[in-house]
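User: I would like to go through the interface in this model and ask what each term rests on. Please begin with the criterion for a salt bridge.

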Amino acid sequence: MEATRRRTQPSANGKTSEQSEEPAQWGRAWEVDWFSLISVIGLLCFAPFIVFYFVMACDQYQCSVSQPLFELLRGETLLLSIWARTASFTWSAAKIYTIWVAFQAFLYMCVPDITHKFIPGYVGGVQDGALTPAGLVNKYQINGLQCWLITHALWYANANFFHWFSPTIIFDNWIPLMWCANILGYAVATFAFIKAYLFPTNSEDCKFTGNLFYDYMMGIEFNPRIGEWFDFKLFFNGRPGIIAWTLINLSYMAKQQELYSQVTNSMILVNVLQAIYVLDFFWNEAWYLKTIDICHDHFGWYLGWGDCVWLPYLYTLQGLYLVYHPVQLSDAHALAVLLFGLVGYYIFRSTNHQKDLFRRTEGSCSIWGRKPTFIECLYRSADGVVHRSKLMTSGFWGVARHLNYTGDLMGSLAYCAACGFGHMLPYFYIVYMTILLVHRCVRDEHRCSSKYGKDWKCYTDAVPYRLIPGVF
Ligand code: NDP
């Protein structure tokens, strides 16, 4: 099935929107300024070391992030000694990793979704993506929930009946697996970069900024594919990284049980809160086609390496920490964390749901018991065609422009707070998520501003705050 090309429909008064006022241009006129270039080079150079540092700090320094630095500064240890103590690449880890990625690729490509046929309310199977700047609509095979269920059913069956491998297998091979994940992350990013020059899936949807570092990092191709269905973004974003997330946490839980003959309430909290987030992601995978990752970001090192290495290694730091520090929270603390996490999740999910409902029904729906209010917008895609869109100004989208990020941040803080206050390491996640989502918010608003022009200004006048009403 091929991507389809859409044209503007005549509006209600019989005129096409091209005949009305001049809309803003939606295109790829991104200029790579010095700040972006330095950030890109900085990330390319340092991001792998950040991941290494945290994982090494847990392995060698009981999760202290300051101790390795102090020892290095005081001359008590050398970088080479740290390196010598670090587990190296092993062929058994390579075998585990290859089987893992191949199995996920098999499930993604060869097992079409059937869950949507019997789970009420779940949207799976073949779905349309969003309109690309070149005017295309790609088709996607949405089967992430099914892949997650099959994978976890097998994990459960192995742990309880088959015993093919230990449930602690991920923890036990954590650093050797990191080398394998890095190899895949760099290989995928490099392949996507070369592919964009030699055989792009859709050359009209490529973005060449003229800066090699930027193009390698942020990607050239919009929706690189192999064949009809292997979509790089959908596969690498969702699986193997996000499916692995809950398995990694389960492996940490199994390790706690093995080491201390008990699982702490903090470990259960982290497992439960993060599993809700992961399951939400797969339950809403069709909605995910309309998020920035799929709708606007190009596929390069940022997504490819990020999904293979950054996500599985840094999003799971809380569970890793709890293996080394089995914190047992008081009931009040555990309850407070659980409630805070659930309220954050509610805001995150409801905000996303409101936008999805509003966009799907083109505003013919009820938000908080009323018909939503909105601002009508026009924009022009790269092929010169003019499109209409709507920006909602009621519900959560009338409270702040990105309350979904605020809810996400509350959930992230809950994961960290579940680890108590003994060390800084588990709090890296909330620091990182704050930087990520604030930067994403600014990046998205910059893009929306060039897409919608003065209509975007009307929206920001109507909803003046980004994340926290009255503050930011
Ligand atoms: P959004 O879902 O907020 O999408 C932003 C887009 O929505 C804009 O570009 C615009 O797109 C449209 N939009 C903006 N304002 C309005 C409005 N008032 N009414 C209707 N449409 C509007 O952003 P993301 O894709 O970044 O995030 C999706 C979710 O994923 C968030 O909840 C976020 O927290 C989460 N996330 C989590 C990450 C993680 O690592 N854990 C990473 C990234 C995201 P258009 O051009 O169509 O108008």
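Analyst: A salt bridge requires a side-chain nitrogen of Lys or Arg within 4 Å of a carboxyl oxygen of Asp or Glu. In this predicted model, that rule finds 2 salt bridges across the interface of domain 1 and domain 2.

User: What makes the pair Asp 297 and Arg 443 a salt bridge?

Analyst: The N to O distance between their side chains is 3.0 Å.

User: Which residues does each domain span, and how many residues does each bring to the contact?

Analyst: Domain 1 covers 90–328 and domain 2 covers 330–471. Domain 1 contributes 33 residues to the contact and domain 2 contributes 37 residues. Their centres, taken over C-alpha atoms, are 23 Å apart.

User: How much area is buried between domain 1 and domain 2, and what share do carbon and sulfur atoms give?

Analyst: About 3100 Å² is buried between the two domains, with 63% given by carbon and sulfur atoms.

User: How many residue pairs are in polar contact between domain 1 and domain 2?

Analyst: The count is 8 residue pairs, with both residues at pLDDT 80 or more. On the side of domain 1 that touches domain 2, α12 (265–283), α14 (292–295), α15 (301–314) and α16 (317–324) each supply at least two residues. Of that side, α12 gives the most, with 9 residues.

User: How do the residues of that side of domain 1 divide by type?

Analyst: The side of domain 1 that touches domain 2 holds 20 nonpolar, 9 polar and 4 charged residues.

Terms used:
Residues are numbered from 1 along each chain as its sequence is written. This is a predicted model: local features need pLDDT of at least 70, side-chain atom pairs count only at pLDDT 80 or more; totals for chains, interfaces and linings use all residues. Side-chain values use heavy atoms; hydrogens and water are left out. Domain bounds come from an automatic or database domain assignment. Contact means heavy atoms within 4.5 Å. Buried area is the accessible area (1.4 Å probe) that two parts lose on being put together, summed over both. A polar contact is a pair of N or O atoms within 3.5 Å; within protein, one must be able to donate a hydrogen and the other to accept it, and residues adjacent in sequence count only if both atoms are side-chain atoms. Helices (H or I, at least four residues) and strands (E, at least two) are DSSP runs, numbered from the N terminus. Ala, Val, Leu, Ile, Met, Phe, Trp, Tyr, Cys and Pro count as nonpolar, Asp, Glu, Lys and Arg as charged, and the others, Gly among them, as polar.
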